[in-house]
Amino acid sequence: MTEQAMSVTPYWELTFDADGDVDGRERDRLLAQVTQRKVHDLVVFAHGWNNERSGATRLYSRFFQPVPALAPRARLGYVGVVWPSMIFPDEPIPDFPAAATAEVTAVARPALAKGTRQALVEVFPDRATLVEQIARLLEQHPDDGASLETFGQLVRLLVEARPQDPQDAADILAAGGPAGGPEMLSGDTAQVCRDFARALDQVASLHGTSAASGAVDFSFTPAGLWDGAHELLRQAAYYAMKRRAGKVGERGLGRVLGRLAQEAPDVRVHLVGHSFGGRLVSFALRGLPAEVRTVKSVTLLQGAFSHYAFAARLPHDTHASGALHGLQSRIDGPLVCCYSHFDSALGTMYPLASRLAGDARSAAGELGADFDIGRTLGPQWGAMGHDGVQAVDGTRAFTLAEALRAKWPASGCVNVDAAAVVRRGGPPTGAHSDIVHRELAQVVLAAGRIR
């Protein structure tokens with residue numbers, strides 16, 4: 001998107017590949033122009049689930065649109081981060097064109113929509129044959145357990161990491177999973193599919209719709225199990241995106257921010273991330289050179305990573321800490337987490353996927369037919385964007401209305417209950433993408449003391 005097409009100016013983009021390598025020309029353009037344009041505050045936004053650059057830049061344009069009027073005297077610049085992530089086309093995005101998901105209405109679940117196939121090939125470019133094999137099984141949904149196990153093996157091959165050096169293995173472990181990939185794919189595939197299918201049914205009931213398939217009530221027939229298999233593919237792909245977000249943040253964005261601090265030391269940086277983009281900007285703190293103090297605020301919008309990420313001690317394991325523990329101290333200002341209980345993706349699917357990714361034992365022994373995920377799995381599997389930062393001493397808590405008139409702390413973690421505006425959306429993700437609101441733009445400005 002050109003600066004002329006963007007709703008704000010000056011605007012730059014930073015494009016990263018899956019390994020965190022940045023487009024050098026874009027980086028150099030930013031470094032050269034940010035001082036020329038006399039920018040004082042630079043807002044850097046990282047998207048989450050997304051299929052293409054145009055979707056990311058459209059999000060940035062819409063979110064940034066009210067900012068100039070809210071801070072008319074500020075000398076602002078804007079950066080849109082573009083990184084290889086994906087969204088399944090059957091996930092509704094509030095206020096986005098209906099055409100983006102229209103294809104799915106013509107595709108009966110659990111079959112894989114054409115757009116999803118293309119998106120999977122784009123984010124896993126060397127595994128197109130695996131994508132086609134997976135799609136074939138979802139279309140046919142054979143009535144035998146062997147085919148379901150084959151499906152699980154294919155999905156594992158699709159998303160497994162292939163470490164190139166010791167740091168890759170460290171990144172994977174920091175992401176909360178084993179080096180071979182998510183352990184949800186190493187156990188009984190049929191049981192995992194049952195668990196996901198139950199979760200789909202629960203989400204559908206929360207939204208007052210009919211069931212996982214969108215047409216008939218779920219049943220534990222082979223066809224119903226393949227609905228769960230479709231969700232297993234989705235969650236495995238998102239596990240890989242979550243892992244990738246950490247690498248792009250630490251190896252990519254963190255290093256660029258270090259260069260920016262050298263070239264333009266007076267520019268105040270404000271990081272904003274949605275969904276896995278929240279994880280990306282948080283891991284950028286880990287990649288930031290130790291002496292850099294130019295990051296003045298971080299705002300997480302429906303962050304799709306553990307609510308214990310910044311904890312020094314985990315409540316369920318006092319000998320362990322969160323992957324980012326203490327890194328909020330790298331911010332010369334607050335870390336703000338906006339969350340909403342209307343987010344079904346983080347309130348229902350994320351805990352179950354985290355449980356199945358982090359433990360080779362299936363949840364079969366824990367999840368009954370009438371289970372409630374939040375109650376049964378417990379808080380250790382919760383997400384930042386569903387209930388905020390947890391187990392960090394001194395964390396402040398505001399409602400959205402309070403946040404807009406509060407005197408913000410100079411540092412530390414702040415939870416903002418954004419459910420007053422982040423509330424629209426249907427299954428399976430709920431309000432996860434409902435983030436384009438004037439009030440949330442105001443939170444970003446308030447957190448960074450931008451006026």
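Here are some notes on this predicted model, taken point by point.

1. **Ground rules.** Because this is a predicted model, local features need pLDDT of at least 70 and side-chain atom pairs count only at pLDDT 80 or more, while totals for chains, interfaces and linings use all residues. Residues are numbered from 1 along each chain as its sequence is written, and side-chain values use heavy atoms, with hydrogens and water left out.

2. **How confident is the predictor?** pLDDT is the predictor's confidence in each residue, from 0 to 100. The protein chain averages 83, and 77% of the residues score at least 70.

3. **The overall picture.** The protein chain has 16 helices and eight strands. These are DSSP runs numbered from the N terminus: H or I over at least four residues for helices, E over at least two for strands. Of the 451 residues, 58% are buried, where buried means under 20% relative accessible area, exposed over 50%, and partly exposed in between (1.4 Å probe, protein chains only). Among contacts with a separation of 6 or more, 78% link residues 24 or more positions apart. The accessible surface comes to about 17,500 Å², and 50% of that belongs to carbon and sulfur atoms. Such areas come from the Shrake-Rupley method with a 1.4 Å probe, and for residues only the protein chains shown count as cover.

4. **The sheet.** Follow the strands across and you get β1-β3-β2-β4-β5-β6-β8-β7, an open sheet of eight with parallel pairing. Two strands pair if DSSP finds at least two bridges between them. At the edges stand β1 (11-15) and β7 (396-399); each has a single partner strand, so one side of each is left without a neighbour in the sheet. From one strand to the next, the twist averages 20°.

5. **Inside the sheet: β4.** Is β4 buried or exposed? Seven of its seven residues are buried, so β4 is largely enclosed by the rest of the structure. Both faces are covered: R268, H270, V272 and H274 lie on one side, with V269, L271 and G273 on the other. On the β2 side, six bridges make a parallel pairing with β4, and V44 has L271 as its bridge partner. Six bridges also join β4 to β5, again running parallel, with V269 opposite V295.

6. **Further along.** Strands β6 (residues 334-339) and β8 (residues 412-417) are parallel partners over six bridges. Here Y339 stands opposite D417 in β8. Helix α16 (residues 438-447) packs on the sheet, touching β2, β4 (268-274), β5 (295-301) and β6, and its direction makes about 155° with that of β5. Axes are lines fitted to C-alpha atoms, for helices over the stretch in contact, and angles run from 0 to 180 degrees between N-to-C directions. Helix α1 (residues 24-36) lies across β1, β2 (41-46) and β3 (76-82), at about 150° to β1.

7. **The core.** A nonpolar core is a set of buried Ala, Val, Leu, Ile, Met, Phe, Trp, Tyr and Cys residues joined through side-chain atoms within 4.5 Å. The largest one has 130 residues, and L42, F151, L233, L253 and L440 touch the most other members. Helix α10 (residues 222-263) supplies the largest share, 17 residues. Leaving out residues up to four places away in sequence, L440 touches F63, L301, C338, L400, A418, V421, V422 and I435.

8. T189 is found in helix α9 (residues 189-206) and is buried, with a relative accessible area of 3%. Beyond residues up to four places away in sequence, T189 touches L148, E149, G152 and L232. R194 is also placed in α9, but is partly exposed at 28%. R194 and L232 are 38 residues apart in sequence and 9.9 Å apart in space, C-alpha to C-alpha.

9. **A loop residue.** D21 lies in the loop between β1 and α1 and counts as partly exposed at 48% relative accessibility. D21 touches T15 and F16, not counting residues up to four places away in sequence.

Technical notes
Contact = heavy atoms within 4.5 Å.
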